[in-house]
Amino acid sequence: MGWEAPGSGGDTAGTLRSQLALLRCLGSPAESPAMRWLWVVALVAPACTVPYNGTAGSTGDGDNGDRVSLPCPHVSPAPCTPQHGSLGTEALLLCPGGEAEWRRGGTVLGTSPAPGLALPNASLAHEGHYSCHHPVTGETWATICLRLGYPPPPPAIECWASSYPQAVNCSWGLSPDPLLDTDFVATYRHGTDTGECTLTGPRSCSFGDLQVFSLTPYELNVTARNPLGAASGALSFLLENIVKPDPPEGLRVSPIPGEPQKLLLEWNPPSSWPFPEYFPLHYRIRYSRDNDSVPTTVGPYELTSHTLMDLEPGSLHHIQVAAKDITDSGEFSAWSPPASGTPWVGL
């Protein structure tokens with residue numbers, strides 16, 4: 001279909017106005033499907049207003065005020081420069097252009113002189129996306145993503161050997177929490193030997209190649225680092241002093257036929273304890289009647305089975321088991337998950 005302007009001289013601006021008028025006539029019998037599609041695109045596409053400036057075919061003198069709306073290309077947001085500050089102190093957001101208008105998101109905060117925008121007694125409510133602009137033209141000079149928190153404190157470290165003598169496991173905490181992404185480097189020393197404690201989680205690590213029965217202490221050092229600073233913590237220990245097995249597994253409680261006051265208990269050593277035949281464990285047992293808030297603790301016993309006696313006939317009992325190195329090195333494990341059973345009830 002032709003889009004030639006009426007009359008001679010090629011009034012391009014007039015032609016465009018005529019074309020847009022034609023496009024607005026939706027439902028016109030003369031309108032083709034392609035025209036309807038073009039008009040829908042014109043309705044939904046973002047538009048950039050471009051001045052008509054008297055190019056080829058125009059009889060005007062330069063910019064005569066006519067403008068054409070064209071689809072606007074995608075404009076990527078300005079890159080955001082991360083800035084970190086300490087909570088409770090003044091955060092100063094720097095702008096390279098001198099006196100500037102500051103915005104947070106789409107909200108204008110006002111004009112601030114060089115060197116930038118000061119936020120006294122900064123709190124978490126001040127975190128966000130800021131930008132500074134030329135106070136007249138609105139040109140963007142800088143965009144800043146503000147994150148607030150604390151420098152890391154020295155890590156508080158705990159170590160234990162649940163798979164003695166194969167490995168030592170350690171974890172640590174930070175108080176107060178720095179609220180910022182924090183990286184950790186963990187190393188250990190034993191005499192003149194040093195090595196890396198391999199990270200097993202965000203705040204935990206493990207190392208092996210241990211020397212049992214050594215009187216030389218191990219030392220674990222953890223350094224925490226974030227954009228506001230760094231701090232280190234250390235823990236010294238003798239290997240045998242931190243032995244702590246995981247809880248026993250597979251606890252089973254069975255009535256004994258013909259015995260109305262007894263229960264048979266059986267369990268397995270923790271699967272994480274690598275050599276129970278060379279480094280045996282002993283066990284203690286905690287049990288209580290149903291609805292009885294005061295448990296009874298017995299043991300330690302070296303076997304992985306035990307018979308509870310003198311129980312109240314017909315009563316439901318809840319039982320747990322804990323393990324410890326048989327030489328009494330370290331400490332008992334946590335209690336196993338409870339298992340329950342009722343002594344034999346004759347027919």
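Trainee: Why is Tyr218 called buried in this predicted model?

Mentor: The relative accessibility of Tyr218 is 2%. Buried means under 20%, so Tyr218 counts as buried.

Trainee: How do you know whether Phe237 is buried or exposed?

Mentor: Phe237 has a relative accessible area of 7%. The limit for a buried residue is under 20%, and therefore Phe237 is buried.

Trainee: What makes Tyr218 and Phe237 an aromatic pair, and what kind of pair is it?

Mentor: The ring centres of Tyr218 and Phe237 lie 6.0 Å apart, with 10° between the planes. Centres within 6.5 Å make a pair, and planes under 30 degrees apart count as stacked. The pair of Tyr218 and Phe237 is therefore stacked.

Trainee: Which parts of the chain does this pair tie together?

Mentor: Tyr218 lies in strand E16 (residues 218-226), whereas Phe237 lies in strand E17 (residues 229-237). The pair thus ties together parts that are 19 residues apart in sequence. Tyr218 and Phe237 also belong to one aromatic cluster with Tyr188 and Phe207.

Trainee: How many aromatic pairs does the structure hold?

Mentor: The structure holds seven aromatic pairs. One of them is formed by Trp172 and Phe184.

Trainee: Why is the pair of Trp172 and Phe184 called tilted?

Mentor: For Trp172 and Phe184, the angle between the planes is 55° and the distance is 5.7 Å centre to centre. Stacked would require under 30 degrees and edge-to-face over 60, and the rest count as tilted; the pair is therefore tilted. Trp172 belongs to strand E11 (residues 167-173) and Phe184 to strand E12 (residues 183-190), 12 residues apart. Both Trp172 and Phe184 are buried.

Trainee: What makes the contact of Arg284 with Phe332 a charge over a ring?

Mentor: The charged end of Arg284 sits over the ring of Phe332, 4.1 Å from its centre. The distance limit is within 6 Å of the ring centre.

Trainee: How do you know that Cys95 and Cys132 form a disulfide?

Mentor: The sulfur atoms of Cys95 and Cys132 are 2.1 Å apart. A disulfide requires sulfur atoms within 2.5 Å, so Cys95 and Cys132 form one. The link is right-handed, with 85° about the S-S bond. Cys95 lies in the loop between strand E4 (91-94) and strand E5 (100-104), and Cys132 in strand E8 (residues 128-133), so the pair ties together parts that are 37 residues apart in sequence.

Trainee: Are Cys95 and Cys132 buried or exposed?

Mentor: Cys95 counts as buried at 8% relative accessibility, and Cys132 counts as buried at 0%. The cut-off is under 20%.

Trainee: Why is Cys80 called partly exposed?

Mentor: Cys80 has 29% relative accessibility. Buried means under 20% and exposed over 50%, with partly exposed in between, so Cys80 counts as partly exposed. A disulfide joins Cys80 to Cys145, with S to S 1.7 Å. Cys145 is also partly exposed, with a relative accessible area of 27%.

Trainee: What makes the disulfide of Cys159 and Cys170 right-handed?

Mentor: The torsion about the S-S bond of Cys159 and Cys170 is about 110°, so this disulfide is right-handed. The S to S distance is 2.1 Å. Cys159 is in strand E10 (residues 156-163) and Cys170 in strand E11, 11 residues apart. Cys159 is buried, with a relative accessible area of 10%, and Cys170 is buried, with 1%. A search of the whole structure finds four disulfides.

Trainee: What makes the phi of Leu179 worth a remark?

Mentor: Most residues other than glycine have a negative phi. Leu179 has a positive phi of about 65° although it is not a glycine. Leu179 is found in the loop between E11 and E12 and is partly exposed, with a relative accessible area of 39%. Together with Leu124 and Tyr150, Leu179 makes a nonpolar surface patch of about 250 Å².

Trainee: Where does Asp328 lie, and what is its phi?

Mentor: Asp328 lies in the loop between strand E23 (317-325) and strand E24 (339-341). Phi of Asp328 is near 70°, a positive value in a residue other than glycine.

Trainee: Which residues does a cis peptide bond join?

Mentor: A cis peptide bond joins Ala114 and Pro115, with omega about 10°. Another joins Tyr164 and Pro165, with omega about 5°. Pro165 lies in the loop between E10 and E11.

Key:
Residues numbered from 1 in each chain as written. Predicted model: local features only at pLDDT ≥ 70, side-chain atom pairs only at ≥ 80, totals over all residues. Heavy atoms only, no water. Helix = DSSP H or I, 4+ residues; strand = E, 2+ residues; numbered from the N terminus. Buried < 20%, exposed > 50% of the residue type's maximum accessible area, 1.4 Å probe, protein only. Lys NZ or Arg CZ within 6 Å of the ring centre and 35° of its normal. Patch = residues over 30% accessible without salt bridge, like charges linked within 9 Å, V, L, I, M, F, W, Y side chains within 5 Å. Areas by Shrake-Rupley, 256 points an atom, 1.4 Å probe, with all protein chains shown as cover. Salt bridge = Lys/Arg side-chain N within 4 Å of Asp/Glu carboxyl O.
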